[in-house]
Each structure stands twice: as structure tokens, then as C-alpha cells.
Amino acid sequence: MEKVAILTRGLTKYYGRNRGVEDLDLRVERGEVFGFLGPNGAGKTTTIRLLLDLIRPTRGKAEVLGMDARVRGVEIRKRLGYLPGDLALYDNLTGEELLRYLAGLRGGADWGYVRYLAERLQCDLTLRIKSLSRGNKQKIGIVQAFMHRPELLIMDEPTNGLDPLMQHEFHRLVRETSEAGATFFISSHNLPEVERMCDRVGIIREGRLVAVDEVEALKRKALRRLEIHFASPVPPGDFAAIPGVKDLRVEDRTLTCSLTGSVDALIKAAARFEVLNVVSPEVGLEEIFMHYYREGSGGEGGGADA
Ligand SMILES: Nc1ncnc2c1ncn2[C@@H]1O[C@H](COP(=O)(O)OP(=O)(O)OP(=O)(O)O)[C@@H](O)[C@H]1O
Ligand SMILES: [Mg+2]
């Protein structure tokens, strides 16, 4: 069995004069959960469509499960689970009817497993698809991607529309399915989600892969923001010298700062006072990228400085 799940070389797609993606060199090993992180318009969907041979590259090459995506698309798709970003389902069918139809096209599916997936995602298969909310439609899309136990799952922003509880359930499902041997390629524009779910992450920006790194390494480098609320005023001096702390502001009973690396020292310093609440506001992707460039680190494989 081939060791590499996805391999692209110089993969490039222009839409007329519009850049989709440019010179993408990606390598996803079997058994990995690979996160494909980038802001709107970065080229995530374009890349995924190229992998599925739904669009054709301007130049460059893509191999999926060791096969040329352009030549052996049918074979590839048999072994693949795919969740498109712009999910379109047959509105007049119920969830069950649709899944049975799709399972039929694939030569059957283990219906016990389909029910199990639907239950985990709290997805009612008896309702007509047109009557479902966006999040509940998305769940049907997720079930159809998993239901034939494919060896590779390619998913374009799978948690779109899911509430936080369901997002977590989905993350668990990905981890478990990965432990059972499946490979994942998942696009997202949410860094915390990628950190929770993935082993490695590729960061795409303006059509180019700007970094590829282990999630653990990304976490060490990632920029966080922290807000600590105290019961009474605290002296700023106690916090200013903590390694990794930047933009420190202590106003009366609230401390705010940016932070790279471990939060341990800061939390321990804070714990000497009465803490009412700790909040970690999400940092925007653009800021994370800028921070990433400033630190001048590209990790193995990619290279922000490349
Ligand atoms: N059919 C198309 N015709 C022209 N330009 C396109 C087409 N599809 C995508 N593009 C352009 O290609 C670039 C990449 O788009 P893509 O949809 O791959 O981004 P994305 O990372 O999936 O973004 P999002 O997070 O919004 O889904 C964008 O600049 C977009 O405008
Ligand atoms: Mg997209």
C-alpha cells in the first residue's frame, strides 16, 4: 500500500487571470490528520477540487493514493470520502433515502454504522432534507463522507454550520476514525479547531502554501491572547517579566496580554491573587500569519521564508 495519501507538485490553477492556487507542493502521509488552514479566498476549495479532478490544473500534478488525479479519478473516488464546501443534496428525499441512494451507488454500506454516525451527530434521518436547518444538512453531508469507511477523507470546512457541541463531536469522530487507520485532509479557517483535531497543518494564503508544520510546533509558536479578571487590583510588575508575554496591560482588576508558548508561568503568577475569570479571545488568522512571518519560522517542509 502506498505510503503517501496526497502528493502535489507545482499544482497551479488560474481562473482566467484570477489566481486560484500557485505552485502548491503538498505531501500528506497515510494515517495523518492534515489541516489545511487559510482565510477566505486563500485557495482551499480550489485545491480540494483539483484533488478530486472536479477542475483541471493550469499546470502541475496531483496524486491521490498513489494515483494521478487526472487519469484515475474514478478509482480514487471509490476509495475516498468527500464533503464539498458547497454541499448540495436532493431536497425532496429524507436523510435516510438520500444515504441509501448514495450507499447504493457505492455498492452498499453498513447500515448499522450509518445509524451510529447519525446518532453521534444527533442527525434525524427521517426528515426531508429541505426541512432541515443548515447545520443539520451539514451533518448528513458528514455522514455520507464517513459511511463507507473510506481510507481517505477530504473535507472542505466540515464544521461549517455546526454548533460548538457538534463541532466537538465531529473532532472526536475524526480522531477515532484516524486511530482506526483513516487519513484526513480537512480545510478550515479556524486555528483552535485545527489545533484540536490535526497532527499537521499547512497554511495557505493568497494561493500559496506559506508554512507546513506539526500542530505541536504551531502551538508553541502560536500567538494567544489572554484576559484575566481579578477580585482586586494587581501589581503589573509581577507579570511584565514573564517569558513570552507581550502587550501587557493591567488596568485596575483586569490584565490583558498577548502570549506565545506556554501559559504556565502566567497562570501561576495570576494564581497568587484571587482570579474571577480567565478568557482567551480568539486571534484572527491574519494576525497569526503576520506573527508567524515575524518569527521567521516555516517548520519542516514549507517555509514562510521560502
Ligand atoms: N470559479 C471561479 N472563477 C473565478 N475565480 C475563482 C473561482 N473559484 C475560485 N476563484 C478565486 O480563486 C481564489 C481561491 O478561491 P477558493 O474558493 O479556493 O478559496 P477558499 O480558500 O476555499 O476560500 P473560502 O474560505 O472563502 O471558502 C479566490 O480568489 C477566488 O475568487
Ligand atoms: Mg472554500
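Biologist: What makes the reach of helix H6 close to the expected one?

Modeller: H6 runs over residues 164-179, which gives it 16 residues, and its first and last C-alpha are 23 Å apart. Helices (H or I, at least four residues) and strands (E, at least two) are DSSP runs numbered from the N terminus. Keep in mind that this is a predicted model: local features need pLDDT of at least 70, side-chain atom pairs count only at pLDDT 80 or more, and totals for chains, interfaces and linings use all residues. Residues count from 1 along each chain as its sequence is written, chains are lettered from A and ligands numbered from 1 in the order in which they are written, and side-chain values use heavy atoms, without hydrogens or water.

Biologist: Which residues of H6 are buried, and what do they pack against?

Modeller: Among the buried ones are Met-166, Phe-170, Leu-173 and Val-174, and Glu-169 and His-171 are on the list too. Their packing partners include strand E3 (33-37), helix H4 (111-120), helix H5 (134-146) and helix H7 (191-197). At the helix start, a side-chain oxygen of Asp-163 comes within 3.1 Å of the backbone nitrogen of Leu-165. Just past the other end, Gly-181 has a positive phi of about 120°.

Biologist: Why is Thr-94 called buried?

Modeller: Buried means under 20% relative accessible area, exposed over 50% and partly exposed in between (1.4 Å probe, protein chains only). Thr-94 has 11%, so it counts as buried. Thr-94 sits in the loop between strand E6 (80-83) and helix H3 (95-105). Leaving aside residues up to four places away in sequence, Thr-94 touches Leu-125, Thr-126, Leu-127, Arg-128 and Ile-129; touching means heavy atoms within 4.5 Å.

Biologist: How do you know that H1 is largely enclosed?

Modeller: Six of the eight residues of H1 are buried, so the rest of the structure largely encloses this helix. Lys-44, Ile-48 and Leu-51 are among those six. After H1 comes Asp-53, with a positive phi near 60°.

Biologist: What makes the phi of Asp-53 stand out?

Modeller: Most residues other than glycine have a negative phi. Asp-53 is not a glycine, yet its phi is positive. Asp-53 lies in the loop between H1 and strand E4 (59-64), and at 15% relative accessible area it is buried. Asp-252 is also a residue other than glycine with a positive phi, near 55°, in the loop between strands E12 (245-251) and E13 (254-260).

Biologist: Which residues come nearest to ligand 1?

Modeller: Of the 14 residues around ligand 1, Gly-41, Gly-43, Lys-44, Thr-45 and Thr-46 do. To be near, a residue needs a heavy atom within 4 Å. The shell splits into three nonpolar, eight polar and three charged residues, and strand E2 (18-29) and helix H1 (44-51) each supply at least two of the shell residues.

Note on methods:
The expected span of a helix is 1.5 Å times one less than its number of residues. A polar contact is a pair of N or O atoms within 3.5 Å; within protein, one must be able to donate a hydrogen and the other to accept it, and residues adjacent in sequence count only if both atoms are side-chain atoms. Ala, Val, Leu, Ile, Met, Phe, Trp, Tyr, Cys and Pro count as nonpolar, Asp, Glu, Lys and Arg as charged, and the others, Gly among them, as polar.
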